[in-house]
Amino acid sequence: MIRNEIIWITGASSGIGRALAKQLAQQDNKVIASGRNREALADLALESDNIFPLICDLVKDNKDSIQQSLGELTGHLDRIVLSAGDCQYLDIDQNDWSCIDHVMAINFHGSVRAIQAALPLLEKSDNGHIVGVSSMASLAPFTQAEAYGASKAALSYFLSALRIDLKAKNIDVTDIMPGFIDTPLTQKNDFSMPFLLSPNEASRRIIKAIEKRSFTGIFPKRLYWLFKFIAFIPKTWVKINSPKEKASTSEGAN
Ligand SMILES: NC(=O)c1ccc[n+]([C@@H]2O[C@H](COP(=O)([O-])OP(=O)(O)OC[C@H]3O[C@@H](n4cnc5c(N)ncnc54)[C@H](OP(=O)(O)O)[C@@H]3O)[C@@H](O)[C@H]2O)c1
């Protein structure tokens with residue numbers, strides 16, 4: 001069981017990060033809970049004396065200021081869990097594709113910035129641990145998920161390479177790839193989400209993977225096999241998912 005550790009959880013003001021913060025604090029860990037939403041973090045801190053809010057914007061704040069704020073709360077870190085993220089869908093017919101910049105900024109660059117800020121403190125632990133929350137979404141292509149899937153694929157690759165480079169420093173790296181979890185991020189989806197899990201159930205499964213220091217933690221397995229199957233039938237998948245050709249508006253013109 002993970003006990004008496006100092007753990008920084010990004011994206012702790014909501015969803016998976018919030019559930020993780022509560023569960024790990026209950027297990028006598030000191031949890032540094034970060035996000036932008038001051039009110040939500042203050043509310044979370046009321047749940048346990050082991051939770052310490054850290055207000056930071058992983059897109060706008062620079063690495064040094066985040067590092068300084070962390071340093072004011074702790075002298076070292078045992079683990080960092082990167083749960084901060086967002087999902088926006090691309091409409092290729094719109095001129096504005098800025099959702100790609102937004103999603104990459106928080107899901108990829110924000111996670112990288114948090115890791116860089118945390119690294120000197122993780123090096124002070126006997127056996128530091130970086131836990132990224134990427135997604136099963138990057139395992140198969142989905143309509144309008146260009147930004148989200150690419151950001152999570154980038155994060156997964158980054159973590160897998162980082163694992164090699166941090167081995168000598170005795171810092172482990174785990175990549176968590178959840179399926180659908182019932183949080184504000186998915187509550188705006190208008191499609192069916194098979195095998196949807198609660199944030200508490202996701203948190204329990206993530207903690208199990210963290211305890212084992214596995215390279216990856218993929219759940220639920222039933223969805224994983226479905227995604228593997230989709231990746232196995234690429235042509236059929238494109239055919240059944242592509243939007244029908246839009247009716248020509250120039251009909252009747254001559
Ligand atoms: N829900 C799912 O089905 C699912 C599946 C696979 C992977 N994931 C991943 O799991 C992670 C958590 O998602 P969730 O479902 O729990 O979503 P959520 O409830 O919307 O939580 C997202 C968290 O990210 C934080 N965040 C967003 N932008 C930020 C920024 N610029 N700086 C700092 N923090 C920021 C938010 O905090 P503030 O607003 O306070 O900043 C919030 O705490 C995400 O990385 C998501 O991609 C989710």
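These legends walk through a few views of the predicted model shown above.

Local features were taken at pLDDT of at least 70 and side-chain atom pairs only at pLDDT 80 or more, while totals for chains, interfaces and linings use all residues. Residues are numbered from 1 along each chain as its sequence is written, and side-chain values use heavy atoms, leaving out hydrogens and water.

View 1. Helices (H or I, at least four residues) and strands (E, at least two) are DSSP runs, numbered from the N terminus. Along the principal axes, the C-alpha atoms fill a box of roughly 75 × 35 × 35 Å. Buried residues (under 20% relative accessible area, 1.4 Å probe, protein chains only) account for 47% of the 254 residues.

**View 2. An open sheet of 7 strands with parallel pairing.** Follow the order β3-β2-β1-β4-β5-β6-β7 across the sheet; two strands count as paired if DSSP finds at least two bridges between them. At the edges sit β3 (51–55) and β7 (216–219), each pairing on one side only. From one strand to the next, the twist averages 15°, with angles running from 0 to 180 degrees between N-to-C directions of axes fitted to C-alpha atoms, for helices over the stretch in contact.

**View 3. Strands β1 and β2 side by side, running parallel.** Here β1 (residues 6–10) and β2 (residues 30–35) are joined by 4 bridges. Look for Ile-9, whose bridge partner in β2 is Ala-33.

**View 4. Helix α7 packed on the sheet.** Helix α7 (residues 199–212) touches β4 (79–82), β5 (129–133), β6 (172–178) and β7, where contact means heavy atoms within 4.5 Å. The direction of α7 makes about 150° with that of β7.

Technical notes:
Buried means under 20% relative accessible area, exposed over 50%, partly exposed in between (1.4 Å probe, protein chains only).
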